[in-house]
Amino acid sequence: MEIFVFRRGSEKVLEGFSENDLTGLLSDSENTIWVDLRGETEDDLIQTKRVLRDIFRFHHLTIEDCIETRNQPKIEAFPDYLYFIVHGVKPGESRPDNFVTRELDGYLGQNFLVTFHLEKFRSIRDVKQQIRSSPFIISRGPAYLLHQILDRLVDNYIPLVDEFDTAINDLEERLLDKRKTGDQAILEEIIDVRRAVARLKRISTRQLQVLYRLSHGEFPIVPENVLPFYRDVYDHLQRIVDLAETYRELVSSLFEIHFAAMANKTNEVMKTLAVVSAIILPLSLIAGIYGMNFENMPELRSPYGYFITLGIMAALALLLIYYFKKRGWIFQKESEADEADPSNQGQ
């Protein structure tokens with residue numbers, strides 16, 4: 001547990017307080033207090049429950065939600081404080097197809113901010129470093145301090161969103177590569193990305209609702225002069241939500257491209273089989289006619305009938321092959337196929 005205290009009129013942030021000092025610090029309205037709680041060990045969780053229950057006297061249901069880390073983003077108002085849950089992206093371990101989030105729980109009061117997280121939080125760390133170098137952030141009150149944390153938390157989504165864009169473009173290029181058309185691994189990647197985009201959309205949309213309520217004056221505990229800063233964070237998150245919706249549509253189009261490519265590949269195979277059948281059919285007809293062995297078939301007694309028939313069959317086969325090639329049904333070069341493809345015209 002870390003406690004940061006700024007007293008109005010002072011020029012620095014004080015640290016080094018213990019759990020026993022909290023009651024006295026909270027009783028002084030001139031103090032702005034930030035209590036950052038961790039839950040990495042069982043002792044940390046016991047201390048967290050004790051501080052939230054015995055010192056701050058928060059509602060027991062919020063304490064249960066705070067300790068339990070499988071919750072969706074939300075915000076709840078109580079007479080003297082707000083309880084909120086938001087989610088940040090875990091740096092270094094997040095990929096577009098399987099990004100990792102971490103939950104941040106907190107309480108916002110008139111002169112205090114309490115945050116709780118199980119693991120290290122990059123946005124929390126950055127704000128701590130800043131208030132240690134300058135008390136400006138914490139001097140403007142706990143609501144502005146929370147804004148700084150949320151602002152960094154939302155900004156950390158941007159690199160992940162950029163990676164989504166890169167991953168989708170890469171999948172599209174691979175789908176358009178005819179050598180990889182129909183690759184089952186690509187389909188599995190598309191499914192993974194679609195699932196991740198849906199998760200990003202779900203989390204960001206619910207957090208957007210939290211920021212909307214914070215930024216539009218619903219809670220008196222958030223001063224009016226701080227609302228524009230929350231609206232700025234809201235705008236940033238709205239952009240992420242819009243991009244997530246765009247990526248969802250792009251991933252859906254990747255499915256269409258994949259199945260269209262599969263259908264085109266199947267058509268190519270069927271066309272080849274049809275051409276082969278068309279060449280073999282007249283040859284089979286000729287072989288069938290002269291394989292009937294009737295007595296009155298003069299060609300059967302011809303000394304050169306066999307070779308003449310084979311020659312006719314070979315000539316007919318070559319003639320059909322030439323005809324199909326001229327029509328572009330077989331032996332078509334890739335560049336010629338691209339030119340003949342209507343979907344590539346006008347690009």
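**Exercise 1.** With which residue does Lys74 form a salt bridge, and how far apart are the closest N and O atoms?

*Solution.* The model is predicted. In this model, Lys74 pairs with Glu76, and the closest N and O atoms are 3.0 Å apart. A salt bridge requires the side-chain nitrogen to lie within 4 Å of a carboxyl oxygen. Lys74 has a relative accessibility of 24% and therefore counts as partly exposed. Glu76, at 28%, also counts as partly exposed.

**Exercise 2.** Determine whether Lys128 and Asp36, which form a salt bridge, are buried or exposed, and locate them in the chain.

*Solution.* The closest N and O atoms of Lys128 and Asp36 are 2.6 Å apart. Lys128 belongs to helix H4 and Asp36 to strand E2 (residues 31–38), so that the pair links distant parts of the chain, 92 residues apart. The limit for a buried residue is under 20% relative accessible area. Lys128 is buried because its relative accessibility is 7%. Asp36 is likewise buried, at 1%. Both residues belong to a network of salt bridges that also links Glu2, Glu15 and Arg132.

**Exercise 3.** Describe how helix H4 is placed against helix H6.

*Solution.* The axes of H4 (residues 122–133) and H6 (residues 142–155) come within 8 Å and cross at roughly 135°. The arrangement is therefore oblique. The crossing of H4 past H6 is right-handed. On the H4 side, the residues in contact are Ser123, Ile124, Asp126, Val127, Gln130 and Ile131; on the H6 side, they are Leu145, Gln148, Ile149, Arg152 and Leu153. Sorted by class, this contact comprises six nonpolar, three polar and two charged residues.

Technical notes: Residues are numbered from 1 along each chain as its sequence is written. This is a predicted model: local features need pLDDT of at least 70, side-chain atom pairs count only at pLDDT 80 or more; totals for chains, interfaces and linings use all residues. Side-chain values use heavy atoms; hydrogens and water are left out. Axes are lines fitted to C-alpha atoms, for helices over the stretch in contact, and angles run from 0 to 180 degrees between N-to-C directions. Helices (H or I, at least four residues) and strands (E, at least two) are DSSP runs, numbered from the N terminus. Angles under 35 degrees count as roughly parallel, over 145 as roughly antiparallel, 65 to 115 as roughly perpendicular and the rest as oblique. A crossing is left-handed if the near helix is turned anticlockwise from the far one by less than a right angle, and right-handed if clockwise. Contact means heavy atoms within 4.5 Å. Ala, Val, Leu, Ile, Met, Phe, Trp, Tyr, Cys and Pro count as nonpolar, Asp, Glu, Lys and Arg as charged, and the others, Gly among them, as polar. Buried means under 20% relative accessible area, exposed over 50%, partly exposed in between (1.4 Å probe, protein chains only).
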